[in-house]
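Reader: I am new to this structure and would like to know what stands behind the words used for it. Please show it to me before I ask.

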Amino acid sequence: MPMSPATWVKMIATGGILCIGGPALVYYVSPTEEELFKRYNPELQKRSLENRIGKQQEFDDFVTRLKEYSKSDKPIWEAAAEAERVRSAAAREKVIDEQRQLAVDIERRRQIMRESAGENYRQ
């Protein structure tokens, strides 16, 4: 039994309302970032404003690194992993150097304490 033209019109109209009206309703109902920010309590607003510059700088650094990775012939994830290995190796070397310097400082202080203790004992 074929459908009547009126049924086709109803189906097309209903589909159009759902396909266009649904996203339009979501767009109309969802608040903007500014409206959400105004709903924060004052402490959260202050903290958000303080962290905003740091977050922007972090994002800019991330985008800069991505641009550098994209210049490579390798896929971005491989270039990122390689750069992370280099950075972690450099960080490890820095920590090792700091620990060596700390050990040297501790030994130097012990030597000074031994010398001063020996002078006090002799007196």
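Reader: Which helix supplies the largest share of the nonpolar patch?

Author: The model is a predicted one. In it, α3 gives the largest share of the nonpolar patch, with three residues. The patch is made of Phe59, Phe62, Leu66, Ile76 and Trp77, and together they have about 540 Å² of accessible area. Both α3 (42-70) and α4 (76-122) supply at least two residues of the patch.

Reader: Why is Phe62 called partly exposed?

Author: Phe62 is part of helix α3. Its relative accessibility is 40%. Buried would require under 20% and exposed over 50%, so Phe62 counts as partly exposed.

Reader: What makes the protein chain more spread out than a compact globule?

Author: The protein chain has four helices and zero strands. Its radius of gyration is 33 Å, whereas the globule rule gives 14 Å for 123 residues; the value is well over the rule, so the chain is more spread out than a compact globule. The C-alpha trace spans about 115 × 50 × 30 Å along its principal axes. Buried residues account for 2% of the 123 residues.

Reader: How do you know that Glu34 and Lys38 meet in a salt bridge?

Author: The distance from N to O is 3.4 Å. The cut-off is within 4 Å, so the side chains of Glu34 and Lys38 qualify as a salt bridge. Glu34 and Lys38 are both exposed. They are separated by about one helical turn because they lie four residues apart in helix α2 (residues 33-39).

Reader: What makes Lys74 and Glu82 a salt bridge, and why are they called partly exposed?

Author: The closest N and O atoms of Lys74 and Glu82 are 2.3 Å apart, and the limit is within 4 Å, so the pair is a salt bridge. Lys74 has 37% relative accessibility and therefore counts as partly exposed. For Glu82 the value is 34%, so this residue also counts as partly exposed.

Reader: Why are Arg87 and Glu84 separated by about one helical turn?

Author: Arg87 and Glu84 are three residues apart in helix α4, which means a separation of about one helical turn. Their side chains meet in a salt bridge at 3.0 Å, N to O. Arg87, at 36% relative accessibility, counts as partly exposed. Glu84 is partly exposed as well, with a relative accessible area of 43%.

Reader: How many salt bridges are found in the whole structure?

Author: A search of the whole structure gives seven salt bridges.

Methods:
Residues numbered from 1 in each chain as written. Predicted model: local features only at pLDDT ≥ 70, side-chain atom pairs only at ≥ 80, totals over all residues. Heavy atoms only, no water. Patch = residues over 30% accessible without salt bridge, like charges linked within 9 Å, V, L, I, M, F, W, Y side chains within 5 Å. Areas by Shrake-Rupley, 256 points an atom, 1.4 Å probe, with all protein chains shown as cover. Buried < 20%, exposed > 50% of the residue type's maximum accessible area, 1.4 Å probe, protein only. Rg over C-alpha atoms; globule rule 2.2 N^0.38 Å.
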